[in-house]
Amino acid sequence: MENQDTLHILALDGGGTRGIYSAQLLAKVEETYNVRIKDCFDLIAGTSTGSIIAGAAVSDIPMTEIVELFESEAPDIFRKKWYRNPIFFSKYSNEKLAEIIAHHIPATPLSDITTPLMITCSEITTSESHIFRSRYCEKLCETEYSDGEVCLLDAIVASCAAPTFFAPKNINNLMLSDGGLWANNPSIAAYTEAITLFEKEPTQIKILSIGAGHSISMYRKKRGWGFVSGWGGTKLVSFVMTLQSQASAKLVGQLLNENYLRIDPKITYWDIDTVLQSDNLKSLAERDFKTHKSDIAEFIGQSRNS
């Protein structure tokens, strides 16, 4: 019998265009159980592309619409421009990213969001982690709640600003970049939140953690290991974030044991800015939902009423 005080958490990894996997899997949850994602969890945490999905969930936007976002509009977000020399500029435009996200997710102040939401970022001036929170923090935290006037859209764009891919975003004099630099898998951040602000015991925490695919062929033995020749330039960014996701999953898995469900497919190396693997990722999501269907049912808050 599950403890009625259990805190159900959804943690969504970063992974660029591979986020279509997470969105498709959650779309299957909504379709199968006739629910909205925000009604299934007591806390939703997202990083980078995961923050887009998390922001949509707390805004009560169907996951099928976010799958459509990845399918139809990701090519515009990640369209290379001949004038954006990667030596001097980020590869892609923050303005285009914000414009497209704004078509799907409302520009809501975080203080107006009732569902507990965490969005991870990295403050690159001071080399510190940063988390944007919806208004639940105002009720639970003794310190002053300072995120209320921050727009959900701005927090998402900041969390998506992967180094070299997008420029950092300035919010309230903070220079913010991708949360994936320290919490690509936000499970450990969400677990800490549950222990501290929500004052839960480990036995009262259940986390469904959804990745965006981890490569089993990221690197092979080479003669030289220069930034471009060996580490692959921007591939290094993807490697660091994938490594963080794996480490976070292992740590939280050890802390929560059977109360932690990690769903993250093994893939070959797929760039986080390619749209060529969208169909493959959707197929993987369909497969993994079928595989974990009964487990997922135990990890969503609706199971408490079933």
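Modeller: Happy to! Let me start with a term: a residue is buried at under 20% relative accessible area, exposed at over 50% and partly exposed in between, using a 1.4 Å probe and protein chains only. At 5% relative accessibility, Phe 166 therefore counts as buried. Before going on, note that this is a predicted model, where local features need pLDDT of at least 70, side-chain atom pairs count only at pLDDT 80 or more, and totals for chains, interfaces and linings use all residues. Residues are numbered from 1 along each chain as its sequence is written, and side-chain values use heavy atoms, with hydrogens and water left out.

Now to the rings. Those of Phe, Tyr and Trp (its six-membered ring) pair if their centres lie within 6.5 Å; planes under 30 degrees apart count as stacked, over 60 as edge-to-face and the rest as tilted. The whole structure contains 5 aromatic pairs. In one of them, Phe 78 and Phe 166 have ring centres 5.9 Å apart and planes at 65 degrees, so this pair is edge-to-face. Phe 78 lies in the loop between helix 3 (63-77) and helix 4 (94-102), and Phe 166 in the loop between helix 6 (152-159) and strand 5 (169-171), so the pair links distant parts of the chain, 88 residues apart. Helices (H or I, at least four residues) and strands (E, at least two) are DSSP runs, numbered from the N terminus. Phe 78 is buried, as is Phe 166.

Phe 166 also pairs with Tyr 92: the ring centres are 5.9 Å apart and the planes at 45 degrees, so this pair is tilted. Tyr 92 sits in the loop between helix 3 and helix 4, 74 residues from Phe 166. With a relative accessible area of 1%, Tyr 92 is buried. Ring pairs join Phe 78, Tyr 92, Phe 165 and Phe 166 into a cluster.

What surrounds them includes a cavity, which on a 1 Å grid over the protein atoms alone is a set of points where a 1.4 Å probe fits but cannot get out; lining residues have an atom within 4 Å of a point. Grid points are joined across faces, edges and corners, and a volume is the space filled by probe spheres set on the points. The largest cavity has a volume of about 210 Å³. It is lined by 21 residues, and those closest to its centre are Gly 16, Thr 17, Thr 49, Phe 78 and Phe 166. Helix 3 gives the largest share of this lining, 4 residues.

Key: On a 1 Å grid over the protein atoms alone, a cavity is a set of points where a 1.4 Å probe fits but cannot get out, and a pocket is an open set with protein on both sides within 12 Å along at least five of seven lines; lining residues have an atom within 4 Å of a point.
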